[in-house]
Amino acid sequence: MLHAELAPVQRVVHSDAPPDFSGFLSSGQFSDVLLVCPGGGAGIEAHRIVLASQSEIFRTELGDAWSSGAEKGGRVELKMAEDADEEILRHMLCWLYGGG
């Protein structure tokens, strides 16, 4: 019989701190929402599950967009309010995604 030394089992302690999804925000990997501010620009790629889990407003807007058939090619496009500023929106998203 072969005996191998096993590493001691480490206990995983769950933190109350929210997860940091900022890497997904900056890379756009797996994004399924495009947030479009007035005044042009390519928009900001985001993630439905992160937005909906962190904001009741986004949860409602994404639910409405989904049920109205706004989804095209797996992506929902949300147009921000006329006075929305893209730089401020990016800062807010960083906070929602847990990156500070």
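Strand β1 (residues 33-36) is joined to β2 by 3 bridges, and the two strands run antiparallel; helices (H or I, at least four residues) and strands (E, at least two) are DSSP runs, numbered from the N terminus. The model is predicted, so that local features need pLDDT of at least 70 and side-chain atom pairs count only at pLDDT 80 or more, whereas totals for chains, interfaces and linings use all residues. Residues are numbered from 1 along each chain as its sequence is written, and side-chain values use heavy atoms, with hydrogens and water left out.

The predictor's confidence in each residue, pLDDT, is given from 0 to 100; its mean for the protein is 80, and 72% of the residues reach 70 or more. Confidence is highest in strand β2 (residues 44-46), at a mean of 94, and lowest in helix α3 (residues 56-67), at 82. Where pLDDT is low, the predicted coordinates should not be read in detail.

An open sheet is formed by 3 strands in the order β2-β1-β3, with mixed pairing, where two strands pair if DSSP finds at least two bridges between them. Because β2 and β3 stand at the edges, each with a single partner strand, one side of each is left without a neighbour in the sheet. On average, neighbouring strands of this sheet are turned by 25° against each other, direction ignored. Within β2, Glu 45 is the bridge partner of Leu 34. Helix α4 (residues 86-96) lies across β1 and β2 and runs at about 20° to β2; axes are lines fitted to C-alpha atoms, for helices over the stretch in contact, and angles run from 0 to 180 degrees between N-to-C directions.

The structure holds 2 aromatic pairs, defined for rings of Phe, Tyr and Trp (its six-membered ring) whose centres lie within 6.5 Å, with planes under 30 degrees apart counted as stacked, over 60 as edge-to-face and the rest as tilted. The ring centres of Phe 21 and Phe 24 are 6.5 Å apart and their planes stand at 45°, so this pair is tilted. Phe 24 and Phe 30 form a tilted pair, with 6.1 Å from centre to centre and 45° between the planes. Phe 21, Phe 24 and Phe 30 form one aromatic cluster. Phe 21 is partly exposed, at 32% relative accessibility, as is Phe 24, at 34%, while Phe 30 is exposed, with a relative accessible area of 62%; buried means under 20%, exposed over 50%, and partly exposed in between (1.4 Å probe, protein chains only). Phe 30 is placed in the loop between α1 (22-27) and β1, and its phi is near 65°, a positive value in a residue other than glycine.

Ser 31 lies in the loop between α1 and β1 and counts as buried, at 16% relative accessibility. Not counting residues up to four places away in sequence, Ser 31 touches Glu 45, Ala 46, His 47 and Arg 75, contact meaning heavy atoms within 4.5 Å. The side chains of Ser 31 and Glu 45 make a polar contact (3.4 Å), that is, a pair of N or O atoms within 3.5 Å; within protein, one must be able to donate a hydrogen and the other to accept it, and residues adjacent in sequence count only if both atoms are side-chain atoms. The C-alpha atom of Ser 31 is separated by 9.4 Å from that of Gly 74, 43 residues apart along the chain. Gly 74 is placed in the loop between α3 and β3 (76-79) and is partly exposed, with a relative accessible area of 37%. Leaving aside neighbours within four places in sequence, Gly 74 is in contact with Asp 32 and Arg 48.
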